[in-house]
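Please look over the sequence and the model below. The paragraphs after them go from terms to overall form, and then to particular residues.

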Amino acid sequence: MDSNSTQTVLALYPNRFGISYAVFDDPQDLVEVGNGYIRPTCNKKALERAIKYLNYYKPNVIITRALDDLKGGSRSKRIEALLVNICKETEKQNLEVYCYTRSQIMNVFNQFQARTKYQVMKCILKWYEKLKKYEINKRKNWMPDKPNTGIFDAVSLALTHYYLE
């Protein structure tokens, strides 16, 4: 790719709050991040939000969670169905889609001594100081994820893509 062209990457990370996203023009250029809150949780509205992101950012590449990541349970089934529908939508738009598992993400970040989601967040914060406002306190194992966790999950997906591709 020559220096005058950019390839916009949109990482979508569905979670229990809705859908988190990160947009990159290249690994050094984090354009935007956010959480698309969907209340009450509804795949139809989450898919509409994902399509809104696709239409607004006009990415060349979509990155999302791999279906292998999801374990049983009703929430996982909902997210799995949403991921399938997001992939169908991206196919309609002839976009490249890459899916990464939690293991792949952790293998990439292990090289930077990040072995937990909290350490991954800290690693990302070193690289992208503008994400400092989304920083989350370390949680105990029994505590649920905070909404901003999804932002770091989306960023970690995109960075895994850049590292592996």
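A residue is called buried when its relative accessible area is under 20%, exposed when that area is over 50%, and partly exposed in between, with a 1.4 Å probe and protein chains only. This is a predicted model, in which local features need pLDDT of at least 70, side-chain atom pairs count only at pLDDT 80 or more, and totals for chains, interfaces and linings use all residues. Residues are numbered from 1 along each chain as its sequence is written, and side-chain values use heavy atoms, leaving out hydrogens and water.

The protein has five helices and five strands. Here helices (H or I, at least four residues) and strands (E, at least two) are DSSP runs, numbered from the N terminus. Read from that end, the order of elements is β-β-β-α-β-α-β-α-α-α.

How does the radius of gyration of the protein relate to that of a compact globule? For 165 residues such a globule would have a value near 15 Å, and the protein, at 15 Å, agrees. The radius is taken over C-alpha atoms, and the globule rule is 2.2 Å times the number of residues to the power 0.38. Along the principal axes, the C-alpha atoms fill a box of roughly 45 × 40 × 25 Å. Of the 165 residues, 47% count as buried. Contacts (heavy atoms within 4.5 Å) also describe the fold: among those between residues at least 6 apart in sequence, 63% join residues at least 24 apart.

Next come the aromatic rings. Rings of Phe, Tyr and Trp (its six-membered ring) pair if their centres lie within 6.5 Å; planes under 30 degrees apart count as stacked, over 60 as edge-to-face and the rest as tilted. The structure holds nine such pairs. In one of them, Tyr21 and Tyr57 have ring centres 5.8 Å apart and planes at 40°, so the pair is tilted. Because Tyr21 lies in strand E2 (residues 18-26) and Tyr57 in helix H1 (residues 43-57), the pair ties together parts that are 36 residues apart in sequence. Both Tyr21 and Tyr57 are buried. Together with Tyr53 and Tyr56, Tyr21 and Tyr57 form one aromatic cluster.

Is Ile63 buried or exposed? Its relative accessible area is 0%, so Ile63 is buried. Leaving aside residues up to four places away in sequence, Ile63 touches Val9, Leu10, Ala11, Leu12, Tyr98, Tyr100, Leu157, Ala158 and His161. Leu12 is 51 residues from Ile63 in sequence, while their C-alpha atoms are 6.2 Å apart in space.
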